[in-house]
Amino acid sequence: MANLKSKTIKQEKNNKGITLIALVITIIVLLILAGVSIATLTGENGILNKSTSAKQDKEQQEGKELIKLAINEMMIEKKEKGENLTIDFIGDHIHEKLKIDKEDVTKNGEPVETVNVIYGKYEYEIDDVFNLSIIGSIKGKITINATYKILEKNAVITITVKTEDEKGIKRILLPNNEYEDGNNQKEITIEYMANKNGDYKFIAEGNNNSIRAKTIKISEIDTLSPNEAQIALTSTRINVGESVTATVIVSDDQSGINLNHCFWILNSSSEEIGIDSDQWENATKLNDLQSTFSLSSTTIGKKYLHVLSCDNFDNQKETISEGILFVGEQKYLNIPKTENNWIFNLPIDWSKSRIQAS
């Protein structure tokens, strides 16, 4: 009985030993498999690298096909005019077909022998017989993205300059020929105020001697006054105390009308009040782009309707109507008959007489 118990204990110890060895072997096998898997994924010929390379090849070929298509379109357009396509012409116009910045196209040689095109993340070269080759990635070169926002009478241009080069950005030449320091950063965003319509060119320089330019065209700044207001009057001669109806139409071809700053006032002067005059503080605001209202006066004489139009960029225009003559009520003067005249009723227009009606 004692021998049987001793044998059982030994078997249990042996079983535990086998289990530990199996665990160690299993871990080793798993480590080997993990190493193989990692190498398969991240090695030089690994799945990830092959996937990245395939993606890059696809992007490069797509860019190449689009550039070829642009060249073919220009060739067809030239043939329809009976002309031949030249590499110089491609250098001047391919950015229009590809919808890229003109600065992304470089003509090389004099006369032009090749044209370099940056499209997407890659640079391409076109030779003088229109063969197209891929130069490679623009990694390490500078890129410029730009947006702008139109304000009241100017525009704010926001540009973001980036580079993947470790040396960073050296400086940015602004349209006013001043420099913005890049401080060796890999990304920098600046704002520039444009006060009029036109082309605004920015040139970024990297510390690795790479240069990139970007031109922004601003055309939406409204610096023009609104159109002359259209004024229609139902009458230009009316009795004091009665009213004449006026219809006013205000318009602007650029930014549109701002009705909150459009007014009218009846004034005895045919001269401009002036857009900065305090008299507009007592004026009546127009209620619509086409407004109709009544005009009346308690005094005789000529009055003029002044209309102040204002657009959404605060450009203003004053328009003056033709004169409205307010006249007094007609009176009749009885003149007795004498040896030299006779009794009759003479109509008197008191607005033109120095005699005051009682």
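**Entry 1: Ile249**

I began with Ile249, which touches Ala229, Gln230, Leu289 and Gln290, leaving aside residues up to four places away in sequence; a contact here means heavy atoms within 4.5 Å. I was working on a predicted model, in which local features need pLDDT of at least 70, side-chain atom pairs count only at pLDDT 80 or more, and totals for chains, interfaces and linings use all residues. Residues are numbered from 1 along each chain as its sequence is written, and side-chain values use heavy atoms, with hydrogens and water left out.

I placed Ile249 in strand 14 (residues 243-249). Helices (H or I, at least four residues) and strands (E, at least two) are DSSP runs, numbered from the N terminus. I then looked up the cover of Ile249 and found it partly exposed, with a relative accessible area of 27%. For this I used the following classes: buried is under 20% relative accessible area, exposed is over 50%, and partly exposed is in between (1.4 Å probe, protein chains only). I also noted that Ile249 and Asp288 are 39 residues apart in sequence and 8.3 Å apart in space, C-alpha to C-alpha.

**Entry 2: the chain as a whole**

I recorded three helices and 22 strands in the protein chain. Of its 358 residues, 32% count as buried. Among contacts with a separation of 6 or more, 54% are between residues 24 or more positions apart. The accessible surface comes to about 23300 Å², and carbon and sulfur atoms hold 50% of this area. Accessible areas come from the Shrake-Rupley method with a 1.4 Å probe; for residues, only the protein chains shown count as cover.

**Entry 3: strand 18 and its partners**

Which strands pair with strand 18? I took two strands to pair if DSSP finds at least two bridges between them. Strand 15 (residues 263-267) pairs with strand 18 in the antiparallel sense over five bridges, and Phe263 has Leu308 of strand 18 as its bridge partner. Strand 20 (residues 324-327) is also antiparallel to strand 18, over three bridges, with Gly301 opposite Phe326. Strand 19 (residues 316-320) is joined to strand 18 by five bridges and runs antiparallel to it; here Cys310 is the bridge partner of Gln316.

I noted that strands 18 and 19 form a hairpin with five residues between them, and that Asp314 in the turn has a positive phi of about 70°. Strand 18 (residues 301-310) is mostly covered, as eight of its 10 residues are buried.

**Entry 4: cysteines**

How many disulfides does the structure hold? I found zero, taking a disulfide as a pair of cysteine sulfur atoms within 2.5 Å. Cys262 is in no disulfide, and the nearest cysteine sulfur, that of Cys310, is 5.9 Å away. Cys310 is likewise in no disulfide. I checked the cover of both: Cys262 is buried, with a relative accessible area of 0%, and Cys310 is buried, also at 0%.

**Entry 5: salt bridges**

Side chains of opposite charge can pair when their charged atoms come close. I counted a salt bridge where a side-chain nitrogen of Lys or Arg is within 4 Å of a carboxyl oxygen of Asp or Glu, and the count comes to 12.

Asp92 and Lys107 form one of them, at 2.8 Å from N to O. Asp92 lies in helix 3 (residues 87-98) and Lys107 in strand 1 (residues 105-108), so this pair ties together parts that are 15 residues apart in sequence. Asp92 is partly exposed at 29% relative accessibility, and Lys107 is partly exposed at 35%.

Glu228 and Lys317 meet in a salt bridge at 3.8 Å, N to O. This pair links distant parts of the chain, 89 residues apart: Glu228 is in the loop between strand 11 (211-218) and strand 12 (230-233), and Lys317 is in strand 19. Both ends are partly exposed, Glu228 at 48% and Lys317 at 28%.

In the salt bridge of Glu83 with Lys78, the closest N and O atoms are 2.9 Å apart. Is Lys78 buried or exposed? Lys78 counts as buried, at 14% relative accessibility, whereas Glu83 is partly exposed at 36%. I also listed Glu73, Glu77 and Lys97, which are linked in a network of salt bridges.
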